[in-house]
Amino acid sequence: MDEIKALDEIFFAQLKEFTAARIGLGRTGSSIPVKESLIFNLAHAHARDAVYSELNTGKLAESLLEFDLPIVHLHSKAAYRVQYLQRPDLGRQLDDVSKDILESHLHHSDIVIVIADGLSATAVNNNAIGLLKILVPQLQTAGLTIAPICLVKQGRVAIADDIGAALRARLAIILIGERPGLSAADSMGAYLTYNPRPGLTDEARNCISNIRPHGLSAKQAAKKIFYLVQESFKRKLSGVALKDNAGALND
Amino acid sequence: MAYQHTIGRRVYKFGDLKTLLAKASPYRSGDVLAGLSAESYEERVAAQMALADLPLKRFLEEAIIPYESDEITRLIIDNHNIIAFNLIDTLTVGEFRDWLLSDDTTAGVLQNVSTGITPEMAAAVSKLMRNQDLVAVSNKIEVVTRFRDTIGLKGRFSTRLQPNHPTDDPRGIAASMIDGLLLGSGDAVIGINPATDSLAEVGNLLIMMDALRQQFDIPTQTCVLSHITTTVELIRNGIPVDLCFQSIGGTEKSNASFGINLALLDEAYDATLSLKRGSIGQNVMYFETGQGSELSANANHGVDQQTCEARCYAVARKYQPLLVNTVAGFIGPEYLYDGKQITRAALEDHFCGKLLGLPMGADICYTNHAEADQDDMDNLLVLLGVAGCNFIMGIPGSDDIMLNYQSTSFHDAIYLRKVLGLRPAPEFEQWLSRQGITDEKGNLNSRRNAELLNKMKSLWTK
């Protein structure tokens, strides 16, 4: 038996170079052996914990102080996580208290930056500040005015439309936790929308995905976002039409 | 027409047939999201009682989506077989449920009546059935299809080997294929979900899979699950296309959101059929469906998601497909919230598909934001195995690294075959034995065939 196992190990070691898929797991009877079974359980546990993780607004707000921008705390109409998961429509809208808060901050600006939990608060807790430390100074150097930074609980991507419209911002950037997979539970997405207003759909946005230490680095992501911001203001649009120039990002 | 049912002193009214169907549906998050679900437990049962008293004939008189505005409705009405329907034309929906479960209603009877049943009748009767009833009736039905092997025979259970890779790397895909074949997977199809819809890349994957199939003389078929327009283009370019795949919806508008219509499907079907690549049969289409896709495309016309799903099967059966499967748990918790809802939906879809004459399989799956885990999938696996499901997916370790969701593993199929005494498609079973992958009893060999491993190894060292 050991000889067979050794043969298998050499064979699959070679195959595993070409894929991260769970191949060559071996078997006991018809089942996956305990070690691999528990490795799978751990990956799923990380993903589940990420779905139920909470936005660390205290720590995020503290870290955001260095940008010298007002910070506002907002909440979607989804009151709690279980509701959020079943009612995407509620996660896209601000609750009434949040709308009032934004009214007191109304002054025209170029860009509003929104940080929302999405499907993994862990992702933004870990990755949002690192990205903004590179991106915000770039935007400011370019002479763009930035609205108060908005921290949103139980938010979906389209909530940036409500916020952008309420603050009369010309462009909205939302950093949001992506749906956790087994290979990564801390993947952050950035969505950029020109002239944000309620009722827009995904084709009006540009998305930069998989922002995390082992995916797209903060530096690479900031570069892509800054490029898209400049193009968006130049061409006065975002979304599918802007994507045509994505080739320019490949340097 | 309005419908009503009285419970005690309370009269429940339902404005039309689609409202009655929606209110009678077992609870699921997607119908709540759509604003169609019953408001209380009592209202749901009242709707089910009203539905039970409804003559099946009513479904031929009241279209839930108007004939004039939806080509799927036209397909359903125009293709309805009134002679087959004669077997059940005096029954109410409730009587139909009892009739389906009766010992006198055998596999042969169910086959004869199949084209007389509309998707809405199937959906309606399923709403009066418990999970057990759905399993019991499905278990009676045998739907057999053929291309290079025979799928769906009683006592047989097949798998789609799904060797996905996030960048479509042919070597990575081949690695998962080899792993699956060595674990006895792939008799329904070897089917890749491509990361891109690029003609050149999809073409290369098809050429690679076809070469591998021929080199090892595997009695199965291969498929890249790209859009039908891509597949038709590849056929024109002379690429080896065994099966034509498409995701389909139950309304004209939802199909438009997939970029398809019946005319395009006709064209793709004819093009694939013209290649005559099947050795023992010419079932050349492969369809995927799933509850909630109509609502997510804003194309549900106020019809509940399970009834919309059943209407997909009218589209599918027009093309005598080799394979059809529901992807119940893929869409997310806003449509099917937890393991209970996913299980129910998969059993309903399998039942309705089989009743309408389709070779139904299932992608037993969940996403990480659904309230579900491996235990839920284990339960559903056994239920579908007992129900006589034609095939499930086979994915390395359950983890699809391209689509980021969990489905069934190669091991799951080995387990199910063992505990339920099920066997692979006969031609594929013989192949596994010839290659020394299984022993004379059909069990996986604990010893590897060194010659086979060396041959497979040479794929990488060339």
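Does B:Asp242 count as buried or exposed, and at what relative accessibility? At 1% relative accessibility, B:Asp242 counts as buried, where buried means under 20% relative accessible area, exposed means over 50%, and partly exposed lies in between, with a 1.4 Å probe and protein chains only. This is a predicted model, in which local features need pLDDT of at least 70 and side-chain atom pairs count only at pLDDT 80 or more, while totals for chains, interfaces and linings use all residues. Residues are numbered from 1 along each chain as its sequence is written, chains are lettered from A and ligands numbered from 1 in the order in which they are written, and side-chain values use heavy atoms, with hydrogens and water left out.

**Surroundings of B:Asp242**

- B:Asp242 sits in the loop between H13 and E8 of chain B, where helices (H or I, at least four residues) and strands (E, at least two) are DSSP runs numbered from the N terminus.
- With residues up to four places away in sequence not counted, B:Asp242 touches B:Phe147, B:Arg148, B:Arg213, B:Gln221, B:Thr222, B:Thr272, B:Arg277 and B:Val284, a contact being heavy atoms within 4.5 Å.
- The side chain of B:Asp242 makes a polar contact with the side chain of B:Arg148 at 2.8 Å, and it also reaches the backbone nitrogen of B:Thr222 at 3.0 Å.
- A polar contact here is a pair of N or O atoms within 3.5 Å; within protein, one must be able to donate a hydrogen and the other to accept it, and residues adjacent in sequence count only if both atoms are side-chain atoms.

**Salt bridges**

- A salt bridge is a side-chain nitrogen of Lys or Arg within 4 Å of a carboxyl oxygen of Asp or Glu, and by this rule the count over all chains comes to 31.
- Side chains of opposite charge can pair when their charged atoms come close.
- B:Asp242 forms a salt bridge with B:Arg277, and the closest N and O atoms are 2.8 Å apart.
- This pair links distant parts of the chain, 35 residues apart, with B:Asp242 in the loop between helix H13 (228-236) and strand E8 (244-247) of chain B and B:Arg277 in the loop between helix H15 (262-273) and strand E9 (285-289) of chain B.
- B:Arg277 is partly exposed, with a relative accessible area of 24%.
- B:Arg58 and B:Glu61 meet through their side chains in a salt bridge of 3.0 Å, N to O, and because they are three residues apart in helix H4 of chain B, they are separated by about one helical turn.
- Within this pair, B:Arg58 is buried at a relative accessible area of 16%, whereas B:Glu61 is exposed at 55%.
- An α-helix has 3.6 residues a turn, so residues three or four places apart point the same way.
- Another salt bridge joins the side chains of B:Arg344 and B:Glu348 at 2.7 Å, N to O, and both of these residues are buried.
- Salt bridges that share partners join B:Arg148, B:Asp210, B:Arg213, B:Asp242 and B:Arg277 into one network.

**Where chain A meets chain B**

- The contact takes 41 residues from chain A and 49 residues from chain B.
- The area buried between the two chains is about 3800 Å², of which carbon and sulfur atoms give 60%; buried area is the accessible area (1.4 Å probe) that two parts lose on being put together, summed over both.
- The rule finds two salt bridges across this interface, and A:Arg22 forms a salt bridge with B:Asp399, the closest N and O atoms being 2.7 Å apart.
- Between chain A and chain B, twelve residue pairs are in polar contact, both residues being at pLDDT 80 or more.
- Helix H1 (2-16), helix H2 (34-51), helix H4 (81-86) and helix H5 (88-91) of chain A each supply at least two residues of the side of chain A that touches chain B, and the largest share, eight residues, comes from H1(A).

**Helices with buried residues**

- At 1.5 Å a residue, the twelve residues of helix H3 (residues 41-52) of chain B should span 16 Å, and the end C-alpha atoms are 17 Å apart, which agrees; the expected span is 1.5 Å times one less than the number of residues.
- Buried residues of H3(B) include B:Glu43, B:Arg44 and B:Ala46.
- Six of the eight residues of helix H8 (residues 159-166) of chain A are buried, so this helix is largely enclosed by the rest of the structure.
- Just after H8(A), A:Arg168 takes a positive phi of about 50°.
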